[in-house]
Amino acid sequence: MRVLLVEDDPLLGDGIRTALQREGYAVDWLEAGRDGIAAIRHDDFSAVILDLGLPDIDGMEVLDKIRHAGSLPVLILTARDAVESRISGLDGGADDYVLKPFDLQELLARLRVIMRRAEGRSSRLLEVGELCIDEARHRVSWQGRDISLTRREYALLLELVRHPGRVMTRPHLEDLLYGWEDEVASNAVEVHVHHLRKKLDRHLIATVRGVGYRLDTASE
């Protein structure tokens with residue numbers, strides 16, 4: 001749930017960041033392509049939103065570096081009349097594109113789609129036993145009851161549900177929940193897990209001592 005935004009337009013960048021944060025994402029916003037490349041090399045992200053028209057280097061060069069680093073989902077932003085840029089972006093490895101000007105809800109929907117596609121699934125619903133998450137509506141239900149979660153509780157639970165049975169390390173979860181500008185308490189992840197256990201089931205999230213946490217599929 002941590003997104004890297006590379007966009008040099010201050011108004012557009014601020015609008016996208018605000019919309020993403022309201023949806024529960026941790027967002028790191030950079031205005032230069034070279035900074036984006038450096039960020040990809042040193043931090044974990046769930047996806048990248050990349051403007052192709054950057055001030056220092058061509059966005060296609062940034063996309064190329066991202067693709068050489070791995071299969072991170074990339075959503076590119078392009079001008080409506082830049083057909084060649086859209087084609088080049090898709091051929092260069094972008095997962096999808098949004099045309100400027102765009103509706104923020106469309107951007108959020110396309111972002112969810114490319115992240116689902118990267119995980120090999122098509123449904124917006126994530127279900128593990130009696131737990132169900134509707135990503136599009138940000139609704140969580142447990143044993144048929146709707147559960148109210150903070151944005152970081154939701155993000156943490158979503159990451160665990162996306163990888164049922166797999167151990168998620170504390171540093172990994174911190175990276176996904178908090179951006180560069182956020183202050184992170186030493187027990188931040190533990191506090192979120194504690195609240196989730198109280199709201200859902202204390203056996204649902206297992207602690208792997210000295211490593212991290214996993215969704216306990218045996219408790220379904």
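This is a predicted model: local features need pLDDT of at least 70, side-chain atom pairs count only at pLDDT 80 or more; totals for chains, interfaces and linings use all residues.

Biologist: Which residue takes a positive phi in the hairpin of β6 and β7?

Modeller: Gly-129 does, with a phi near 60°, and the hairpin has two residues between the strands. Strand β6 covers residues 125-128 and runs antiparallel to β7, with four bridges joining them. In one of these pairings, Glu-127 has Cys-132 of β7 as its bridge partner.

Biologist: And how many residues lie between the strands in the hairpin of β7 and β8?

Modeller: That hairpin has four residues between its strands, and His-138 takes a positive phi near 55° there. Strand β8, residues 139-142, also pairs with β7 in the antiparallel sense, over four bridges. Asp-134 has Arg-139 of β8 as its bridge partner, and Ile-133 stands opposite Val-140 of β8.

Biologist: In what order do the strands form the sheet?

Modeller: The order is β6-β7-β8-β9, an open sheet of four strands with antiparallel pairing. β6 and β9 (145-147) are the edge strands, each pairing on one side only. From one strand to the next, the twist averages 25°.

Biologist: Which way do the residues of β7 point?

Modeller: Leu-131 and Ile-133 point one way, Cys-132 and Asp-134 point the other way, and all of them are buried. In a regular strand, side chains alternate between the two faces of the sheet.

Biologist: Which helix lies across β6, β7 and β8?

Modeller: Helix α6 does, running at about 110° to β7. Leu-157 touches Leu-131, Ile-133 and Val-140, among others.

Biologist: Which residues touch the most other members of the largest nonpolar core?

Modeller: They are Leu-20, Ile-49, Leu-111 and Leu-157, in a core of 47 residues. Helix α6, residues 151-162, supplies the largest share of this core, with seven residues. There is also a second, separate core of 19 residues, which includes Leu-30, Val-48, Leu-50 and Ile-66.

Biologist: Changing topic, at what angle do α2 and α3 cross?

Modeller: The axes of α2 (residues 33-42) and α3 (residues 59-69) cross at roughly 10° and come within 9 Å. Angles under 35 degrees count as roughly parallel, so α2 is roughly parallel to α3.

Biologist: Which residues make that contact?

Modeller: From α2 they are Gly-33, Ile-37, Ile-40 and Arg-41, and from α3 they are Val-62, Lys-65, Ile-66 and Ala-69. Five residues of this contact are nonpolar, one is polar and two are charged.

Key
Residues are numbered from 1 along each chain as its sequence is written. Side-chain values use heavy atoms; hydrogens and water are left out. Buried means under 20% relative accessible area, exposed over 50%, partly exposed in between (1.4 Å probe, protein chains only). Two strands pair if DSSP finds at least two bridges between them. A nonpolar core is a set of buried Ala, Val, Leu, Ile, Met, Phe, Trp, Tyr and Cys residues joined through side-chain atoms within 4.5 Å. Contact means heavy atoms within 4.5 Å. Axes are lines fitted to C-alpha atoms, for helices over the stretch in contact, and angles run from 0 to 180 degrees between N-to-C directions. Angles under 35 degrees count as roughly parallel, over 145 as roughly antiparallel, 65 to 115 as roughly perpendicular and the rest as oblique. Ala, Val, Leu, Ile, Met, Phe, Trp, Tyr, Cys and Pro count as nonpolar, Asp, Glu, Lys and Arg as charged, and the others, Gly among them, as polar. Lists of a residue's contacts leave out its neighbours within four places in sequence.
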